[in-house]
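Dear colleague,

Please find the structure below, handed over for your own work. My notes on what was found in it follow directly after.

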Amino acid sequence: MTAGRPGKASTPEGRLRVYIVLAARRAGWSERTLYEGLSQVLGRRLVRGWGLTTCTKPELVELADWITAATGGVPGRHRRGGRERRGPGWQRDPTGVVVRLATRPQRDLIERLGRELFGATSPGSAFAHFLAGMVGKTEARLLTIGQASKVIEALMDMSRRGWRPRAAERSPA
């Protein structure tokens with residue numbers, strides 16, 4: 001199953017079909033048991049092997065909810081996005097994507113490592129230029145969790161290796 005092949009798992013319908021079959025396999029159901037149950041839910045006979053391809057997206061969602069409930073899960077868990085409550089730190093970027101901002105401990109660690117290595121973390125400093133080059137943001141408070149992890153890893157590596165800014169290496173003339 002390759003995500004790039006059309007008709008397989010590259011579409012939402014394809015991912016729902018795959019989910020239905022895999023959920024039944026994880027529960028130990030036979031293929032016959034699965035298709036009998038699906039046929040009862042839809043009220044029409046589904047033929048093994050290609051029956052799920054004849055289903056519309058709303059039917060597939062209904063079947064996915066049914067298989068989830070029948071195997072002991074919570075219906076609706078297969079759906080993506082918008083289901084979880086948003087806690088502190090959630091923000092929408094200009095494209096409307098929800099991002100999780102860096103945690104306070106991450107920001108504090110970035111600030112501390114930035115001061116140790118660069119001397120200052122203010123906007124316009126060498127540290128701000130380092131951040132801009134690495135993740136495209138000039139302040140630690142604007143970083144997402146993933147970006148913060150990337151920056152922390154880089155700063156810790158620089159610290160371990162004894163890195164110093166080029167301006168500090170130059171001797172006064």
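Helix α1 covers residues 12-26 and has 15 residues; from its first C-alpha to its last it reaches 21 Å, close to the 21 Å expected at 1.5 Å a residue. That expected span is 1.5 Å times one less than the number of residues in the helix. Helices (H or I, at least four residues) and strands (E, at least two) are DSSP runs, numbered from the N terminus.

The model is a predicted one: local features need pLDDT of at least 70, side-chain atom pairs count only at pLDDT 80 or more, and totals for chains, interfaces and linings use all residues. Residues are numbered from 1 along each chain as its sequence is written, and side-chain values use heavy atoms, with hydrogens and water left out.

In α1, the buried residues (under 20% relative accessible area, with over 50% counted as exposed and the range in between as partly exposed; 1.4 Å probe, protein chains only) are Gly 14, Leu 16, Arg 17, Ile 20, Ala 23 and Ala 24. These buried residues pack against α2 (31-42) and α3 (57-70), where a contact means heavy atoms within 4.5 Å. Just after α1 comes Gly 28, with a positive phi of about 85 degrees.

As to the whole protein, there are seven helices and two strands, in the order α-α-α-β-β-α-α-α-α from the N terminus on. Of its 173 residues, 30% count as buried. Among contacts with a separation of 6 or more, 45% come from residues 24 or more positions apart.

Aromatic rings were examined next. Rings of Phe, Tyr and Trp (its six-membered ring) pair if their centres lie within 6.5 Å; planes under 30 degrees apart count as stacked, over 60 as edge-to-face and the rest as tilted. The count by this rule is five aromatic pairs. In one of them, the ring centres of Phe 118 and Phe 130 are 5.4 Å apart and the planes stand at 35 degrees, so the pair is tilted. Phe 118 belongs to helix α4 (residues 104-118) and Phe 130 to helix α5 (residues 126-135), so the pair ties together parts that are twelve residues apart in sequence. Both Phe 118 and Phe 130 are buried. Ring pairs also link Phe 118, Phe 127, Phe 130 and Trp 163 into a cluster.

Finally, confidence is given as pLDDT, the predictor's confidence in each residue, from 0 to 100. The protein averages 77, and 76% of the residues score at least 70. Confidence is lowest in strand β1 (residues 90-92), at a mean of 54, and highest in α4, at 91. Over residues 1-7 the pLDDT is below 50, and this stretch has six contacts in the model beyond near neighbours in sequence.

With kind regards
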